[in-house]
Amino acid sequence: MAEGPSKDPSAAWRELVSQWEKNINALANQNMASDEFSSGSNQAMNLALRIQQGMASGMATYLATLNLPSRADITALGERLQAMEAYLSRIAVALEEPARGKSRTRGAPKRSRPPRTKQPPAPLP
Amino acid sequence: MSATLGEAPKLQSSIAEQVQSEIERAIRRNIKGLEYVASPAPAVGMTPKDVIYKRGTLNLYHYLPMADEIYRVPILIVMATSNRGYILDLAPGQSFVEFLLRSGYDVYLIDWSPPSPDERRLRFEDYTLDFIPECVRRVRKDSGVKDLTLMGYCMGGVLSVIYVALHPKTQPKNLVCFTTPIDFRAMELFAKWSDRRYFEVDRLVDTTGNVPAELIFTGFEMLRPASRLAGQVTLWENLGNDEFVKSYRMFERWSNDTLPLAGEYFRQTVKDLLWENSLYKGELTIGGKRADLRNITAPILHVVAEHDHIVPHAAARPLIEQVGSAEKEEIMLKGGHISLVAGANAQRRLWPRLDAWLGVRSI
């Protein structure tokens, strides 16, 4: 005996949302796969990038006139600082390593690991 | 006729009960809704681990074993460059990493931080000839085992296969890929949006340095523009279900946590992979060497998702077709790009299948 339509309003609502989602996604994907969409969206992005480039270049000239550092200058300084910090940490690690080795031999427990002896479970008959 | 008359009060009472139940649900939903807004996001990525190596954008974790004995061969997971690795370690009981640990694997993971401005120059060469080889070396040293299983998710899979193709003499013991695209022309919408006639990738990278996370996030969102709103409607309906809400929030947090991409790496992805489709054609050259997939001879498992809207099967299928491995297998499982590896679907489908394939190859 065939079951009648569900009386649960929540189930009907869920089905409706699911269908709506599928339909909108399918329609949007169809439109976004067109040359027009690709051309239009990229034109908009290129315009925004051109404005950003123009602003950055104009601002850099302005800041240089005022004898102030630009964002690029600060970023470059930050990069150099980071490189120096990384170099210092490597030196610190190299200096600390022998001391750490000594303390380990003095009895500091090394974290133990389980043995690598595990075998896969036998296949079911 | 008398039966019909008798059913009328029953029908009325049933409708009244339904209305009452809906009102109660609505009230509960509103209370839970307030809790949702007021409570912090659930903690993720909590499985205990050591950071055994860190260099700029690169983090190499070693998860603390959870079994009394472990398989001889450790696993090194390479996460996708556009997203955080905690999708593989969501919460206790829902964590892929925890599952692997409890099943007796020794797990290492390469996770990515947002690249700093000076890392905008990172290229495929850095990822596949420096980062991954260095991590492989460190895993071998840390575990004391020469063999390892290399496991990559999405672009992490692409980097893994390029790495193996470029180092044919030091094959991993096993190679496992999840939803790894090879034929980038088959990712139709991405290919269309980055059409070389309209998409000025040089201008983008030269202007922004690293490609902003918002742009990457929008690209993923546009593949299914209605899904976010539909997800929120479903959340509203399930606000009374604590487990659903927790899971929703974890996935929501992860998908919003998209990473920026290193500028040069993005430029190469667009020009070499999307425009020239060079990995598929066997023409991708990295550091003067050709990344030929036929160089891959390790046993390989590729798991793909039936409803993957980011990496459709047509884009992923050529991996198994092209590798030179004698032992190779592709498994298609129900689910999407993310639900393949995380959540209830993954727990039920992927994790046990993977364990069955990998366990016997990890001794």
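Which residues in H1(A) meet which residues in H8(B)? Ser10(A), Trp13(A), Arg14(A), Val17(A), Trp20(A), Glu21(A) and Asn25(A) in H1(A) meet Ser227(B), Leu229(B), Ala230(B), Val233(B) and Glu237(B) in H8(B), where contact means heavy atoms within 4.5 Å. Helices (H or I, at least four residues) are DSSP runs, numbered from the N terminus.

The model is a predicted one, in which local features need pLDDT of at least 70 and side-chain atom pairs count only at pLDDT 80 or more, while totals for chains, interfaces and linings use all residues. Residues are numbered from 1 along each chain as its sequence is written, chains are lettered from A and ligands numbered from 1 in the order in which they are written, and side-chain values use heavy atoms, with hydrogens and water left out.

**Interface of the two chains**

The contact draws 52 residues from chain B and 39 residues from chain A. Together the chains bury about 3,900 Å², 56% of it on carbon and sulfur atoms; buried area is the accessible area (1.4 Å probe) that two parts lose on being put together, summed over both. Between chain B and chain A there are 22 residue pairs in polar contact, both residues at pLDDT 80 or more; a polar contact is a pair of N or O atoms within 3.5 Å, where within protein one must be able to donate a hydrogen and the other to accept it, and residues adjacent in sequence count only if both atoms are side-chain atoms.

On the side of chain B that touches chain A, the elements giving two or more residues include helix H1 (2-38), helix H3 (124-143) and helix H8 (227-237) of chain B, and H8(B) provides the largest share, 5 residues. By class, this side of chain B has 24 nonpolar, 10 polar and 18 charged residues; Ala, Val, Leu, Ile, Met, Phe, Trp, Tyr, Cys and Pro count as nonpolar, Asp, Glu, Lys and Arg as charged, and the others, Gly among them, as polar.

Glu200(B) forms a salt bridge with Arg50(A), with the closest N and O atoms 3.6 Å apart.

**Helix packing**

The table gives crossing angles and axis distances, with axes taken as lines fitted to C-alpha atoms, for helices over the stretch in contact, and angles running from 0 to 180 degrees between N-to-C directions.

| Helix pair | Angle | Axes |
|---|---|---|
| H1(A) and H8(B) | roughly 170 degrees | within 9 Å |
| H6(B) and H10(B) | about 170 degrees | 9 Å apart |
| H3(B) and H10(B) | about 105 degrees | 8 Å apart |

The contact of H1(A) with H8(B) has 6 nonpolar, 3 polar and 3 charged residues, whereas that of H6(B) with H10(B) has 6 nonpolar, 1 polar and 5 charged residues.

Key. Salt bridge = Lys/Arg side-chain N within 4 Å of Asp/Glu carboxyl O.
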